[in-house]
Amino acid sequence: MTVAVGALLALASRFAVRVVVAGDSMRPALEPGERLVVLRGLRPRVGDVVAAPDPRCPGRIVVKRVAAVGPDGVELAGDHPAASTDSRTFGPVERRRVLGRAVWRYAPAGRTGRLGPAPGRPATLGAVDRDKLQRLLADDDGDVSALSMEELRSRRAECQTVEVSLSYQRRMAQGRLDIVAAERRHRATGEGPDGATLVEQLPGILADRITAPGSGRLPRLMAPEAAEVDTDELDAIVGPILLGTLGELDDAALEVLVERLSAYEAEVSSRRRELHDHIDALQAEITRRYRTGEATVDSLFS
């Protein structure tokens, strides 16, 4: 046993618990029978592996990944959905009920090591890498005249790709805001559909919000590839499971959701407007060069 593992096991006697993985719901990240050190007191984050009592059988401990963290609790999901019983069945788990975050696998010997969030997740604004977005907006400080035609086209294509993801994320935020606001309005006036009814209409709500005005932008019906879509931040405010149980929340909790969704949508919209302005500047420079003869159509084939 290494010093690091020994120290963690000693720590487990005071500030952590030892948990054995049961079942294959976390494959391939975790295998049945593997033993984990679960550190108490760490705030659950989306992507973390955590341990919590099974709400259906409190004497049983489940090991799942955090799918979302909302005002109603922590939504848990297995990495292998077909083999997992998780929040889709038993709903969100109260934060205070989560035992802690799994930080180390100490057995079997050939699989020991540190555990962390799900791999391949950069810091994001929904489906968009924040660092990449910031770089696109700041690289040339708004002055695109010094860029070559090749650089202009490349930068425009990159911005268009990010714009599609931002637009998708904005539509997702607006759709969920519509659902939560409808639930609040239905309670106050008794008019219109409630949140549960609108959940069923979510695909249509999102489709109605597809817009991409302005020159040099992608066609309005395009959407990001499924592999690029990352809704962790939005799910942390109100995930799919919580959306389906809005009727169980009190009025104060609904108000909090409306405020948080509105703030999130405003941030995404602000970034999207900045990106639109940048795409327009790139397109205007390309158009100017063709108009003045600085660039020709023949250059596209050289």
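Take helix α9, residues 251-292: its 42 residues should span 62 Å at 1.5 Å a residue, and with its end C-alpha atoms 61 Å apart, the model agrees. The expected span here is 1.5 Å times one less than the number of residues, and helices (H or I, at least four residues) and strands (E, at least two) are DSSP runs numbered from the N terminus. This is a predicted model, where local features need pLDDT of at least 70 and side-chain atom pairs count only at pLDDT 80 or more, while totals for chains, interfaces and linings use all residues. Residues are numbered from 1 along each chain as its sequence is written, and side-chain values use heavy atoms, with hydrogens and water left out.

Now look at the two ends of α9. At its start, a side-chain oxygen of Asp-250 comes within 3.3 Å of the backbone nitrogen of Ala-252. Just past the helix, Gly-293 adopts a positive phi of about 90°.

Stepping back, the chain holds nine helices and nine strands. Of its 302 residues, 44% are buried, meaning under 20% relative accessible area with a 1.4 Å probe, protein chains only; exposed is over 50%, and partly exposed lies in between. Among contacts (heavy atoms within 4.5 Å) between residues at least 6 apart in sequence, 67% join residues at least 24 apart.

For a local example, go to Val-98, in the loop between α2 (87-90) and β6 (100-107). Val-98 is buried, at 13% relative accessible area. Leaving out residues up to four places away in sequence, Val-98 touches Val-50, Ala-51, Ala-52, Val-74 and Val-93. Leu-42 sits 56 residues from Val-98 along the chain, yet their C-alpha atoms are separated by 9.7 Å.

Definitions and conventions
A polar contact is a pair of N or O atoms within 3.5 Å; within protein, one must be able to donate a hydrogen and the other to accept it, and residues adjacent in sequence count only if both atoms are side-chain atoms.
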